[in-house]
Amino acid sequence: MLRSMTAFARIESLHEAGGIQWEIRSVNHRYLDVNLRLPEDFRRLDPKVRERIGTRLNRGKVDCTLRVLPGPTAASGLAVDDELAARVAQAARAVADLLPEAAPVNPVDVLRWPGVVQAPAPDPELMEHLVLGELDRVLADLVAMREREGARMETVIRSRLDDLETEVSRVREVLPAIVRGFGERMRARLAEVDATLDEGRLEQEIALIAQRMDVAEELDRLEAHVHEIRSALARPEPAGRRLDFLMQELNREANTLGSKSAAVTTSRASIDLKVLIEQMREQIQNVE
């Protein structure tokens with residue numbers, strides 16, 4: 001099953017100890033690159049959060065943000081540090097004396113000063129349990145979205161594989177006619193110049209040229225790579241890197257087919273194959 005590296009998930013929950021918001025977004029990246037934004041009081045959870053993300057995701061640039069809000073009973077337990085508030089207010093008035101046109105001190109501004117208003121701290125072990133539990137939930141949503149997007153990508157890739165196999169079969173069918181046509185054209189040109197034909201030598205030359213034009217090996221490898229891609233799509237483990245490598249191999253064989261081409265049919269087939277491969281590669285660049 002394919003998973004996309006592009007996804008977004010957000011979850012909010014309200015508990016007696018506080019409200020929890022997790023937001024995770026991911027985009028394609030060569031490796032797993034996690035960027036965490038945690039409140040100061042929860043920085044200690046950084047290793048555990050990274051570990052849990054790493055067990056669910058293998059690749060992608062991941063931005064993960066946690067917000068923790070006060071619980072419904074926090075307001076009833078608010079306490080004001082009167083001494084600190086007084087010092088803050090005194091400092092504000094001293095500054096106001098230097099600026100006669102300044103607005104008077106706003107009590108709300110004093111309350112905003114760090115440490116002036118103190119709320120009862122929730123049980124840290126309980127909050128850790130709740131935060132990590134909600135992280136598991138949001139990761140499950142993110143993975144589900146990755147899998148849904150991956151399923152759509154797999155449908156596109158399998159369709160292009162079918163088209164690629166059809167193109168390879170078409171080239172196989174016309175190859176004998178291309179070689180025969182080349183021999184006939186060579187004979188006709190020699191006849192036009194009224195040259196004496198050495199049938200043995202002519203057959204040798206035609207055979208050598210036909211050998212250089214032979215792309216059966218390239219077609220076999222194209223079919224083998226298609227089979228390997230289908231096998232990779234059916235595996236449960238992440239297949240992005242393997243599929244990316246196989247796209248390079250497909251493109252190499254398509255280029256060789258074009259370089260050996262001696263007919264419009266095979267030249268066009270090479271271009272069509274590269275178009276199909278590029279369409280698959282665009283999808284696979286975003287596969288985990």
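Which helix gives the largest share of the lining of the second largest pocket? That share, five residues, comes from helix H7 (residues 240-260), where helices (H or I, at least four residues) and strands (E, at least two) are DSSP runs numbered from the N terminus. The model is a predicted one, in which local features need pLDDT of at least 70 and side-chain atom pairs count only at pLDDT 80 or more, while totals for chains, interfaces and linings use all residues. Residues are numbered from 1 along each chain as its sequence is written, and side-chain values use heavy atoms, with hydrogens and water left out.

**Second largest pocket**
- The volume of this pocket, taken as the space filled by probe spheres set on grid points joined across faces, edges and corners, is about 210 Å³.
- A pocket is an open set of points on a 1 Å grid over the protein atoms alone, where a 1.4 Å probe fits, with protein on both sides within 12 Å along at least five of seven lines, and lining residues have an atom within 4 Å of a point.
- Among the residues that line the second largest pocket are Met5, Arg59, Asp244, Phe245 and Gln285.
- The lining divides into three nonpolar, five polar and four charged residues, with Ala, Val, Leu, Ile, Met, Phe, Trp, Tyr, Cys and Pro counted as nonpolar, Asp, Glu, Lys and Arg as charged, and the others, Gly among them, as polar.

**Helix H6**
- The 19 residues of H6 (residues 216-234) should span 27 Å at 1.5 Å a residue, and the end C-alpha atoms are 27 Å apart, which agrees; the expected span is 1.5 Å times one less than the number of residues.
- Alanine 216 lies in H6 and is partly exposed, with a relative accessible area of 25%, whereas the buried residues of H6 include Leu222, Ile229 and Leu233 (buried means under 20% relative accessible area, exposed over 50%, partly exposed in between, with a 1.4 Å probe and protein chains only).

- Leucine 243 touches, by heavy atoms within 4.5 Å, Leu2, Ile229, Ala232, Leu233, Ile284 and Val287, not counting residues up to four places away in sequence.
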